[in-house]
Amino acid sequence: MKTIHTLLLILCMMVSGAVSAQQVGLDKGNKAPEITGKNHAGMPVKLSELQGKYVLIDFWASWCGPCRHENPTVVAAYEKYHNATFKNGVNGFEVFSVSLDNRDAAWKNAIAKDGLVWKYHVCDFGGWRSANAAKYQVNSIPTNFLINDKGVIIAKNLRGSALEAVLADLAK
């Protein structure tokens, strides 16, 4: 009975605005949808494991020329900010790569060749039918979302120097 009373109290507070639930969605200010999958070593990983850090959710594929062209920029940002302390006290920056590949060997070879050294890679080998890409309404790649330490989307489609500029601003 006490649990029901507590839930009703929380619900009333939410309706009155005293407590707000973060809306899951794809717009800035929304909580980013969860992503789950197996990494390139076959181990399960989840986006929510990275809460407490800034995270770039990066949709790409080994067969995508623009993605491969963008990878050095992402690697440079990772190397510079991975262990950074940001001005709001957040420690660290991670990359969570979501591949739209169809073939395991091509995916793993591209990770190695491009030096994508972070451990958060997922691929369901669905190509354009990838469940995670559908969840994020990805219809072109490269596509990315930058989320804060609470998992809230703060920027989208940061390419080239734009990613560095945003991270540099957060680190000042």
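1. Terms first. A residue is called buried under 20% relative accessible area, exposed over 50% and partly exposed in between, with a 1.4 Å probe and protein chains only. This is a predicted model, in which local features need pLDDT of at least 70 and side-chain atom pairs count only at pLDDT 80 or more, while totals for chains, interfaces and linings use all residues. Residues are numbered from 1 along each chain as its sequence is written, and side-chain values use heavy atoms, with hydrogens and water left out.

2. Aromatic pairs. Two rings of Phe, Tyr or Trp (its six-membered ring) pair if their centres lie within 6.5 Å; planes under 30 degrees apart are stacked, over 60 edge-to-face, and the rest tilted. The whole structure contains nine such pairs. In one of them, W63 and W128 have ring centres 6.0 Å apart and planes at 55 degrees, so the pair is tilted. W63 sits in the loop between strand 3 (54–60) and helix 2 (65–81), and W128 in the loop between strand 5 (121–123) and helix 4 (131–135), so the pair ties together parts that are 65 residues apart in sequence. Helices (H or I, at least four residues) and strands (E, at least two) are DSSP runs, numbered from the N terminus. W63 is partly exposed, at 45% relative accessibility; W128 is partly exposed with a relative accessible area of 45%. Separately, one aromatic cluster is made up of Y54, Y81 and F86.

3. The disulfide. By the rule used here, two cysteine sulfur atoms within 2.5 Å make a disulfide. The structure has one. It links C64 and C67, with the sulfur atoms 2.4 Å apart. The angle about the S-S bond is 75 degrees, and the link of C64 and C67 is right-handed. C64 is buried at 4% relative accessibility, and C67 is buried at 1%. Another cysteine, C123, is buried with a relative accessible area of 10%.

4. Which residues of helix 2 are buried? They are C67, E70, N71, V74, V75, A77, Y78 and Y81. In an α-helix there are 3.6 residues a turn, so residues three or four places apart point the same way. The buried residues of helix 2 pack against strand 3, strand 4 (93–99), helix 3 (104–114) and helix 5 (161–171), where contact means heavy atoms within 4.5 Å.

5. Backbone points to check. The peptide bond joining I141 and P142 is cis, with omega about 5 degrees. P142 lies in the loop between helix 4 and strand 6 (143–147). Q137 is placed in the loop between helix 4 and strand 6; Q137 is not a glycine, yet has a positive phi of about 55 degrees. At 63% relative accessibility, Q137 is exposed. F125, also not a glycine, has a positive phi near 60 degrees. F125 belongs to the loop between strand 5 and helix 4 and is partly exposed, at 31% relative accessibility.
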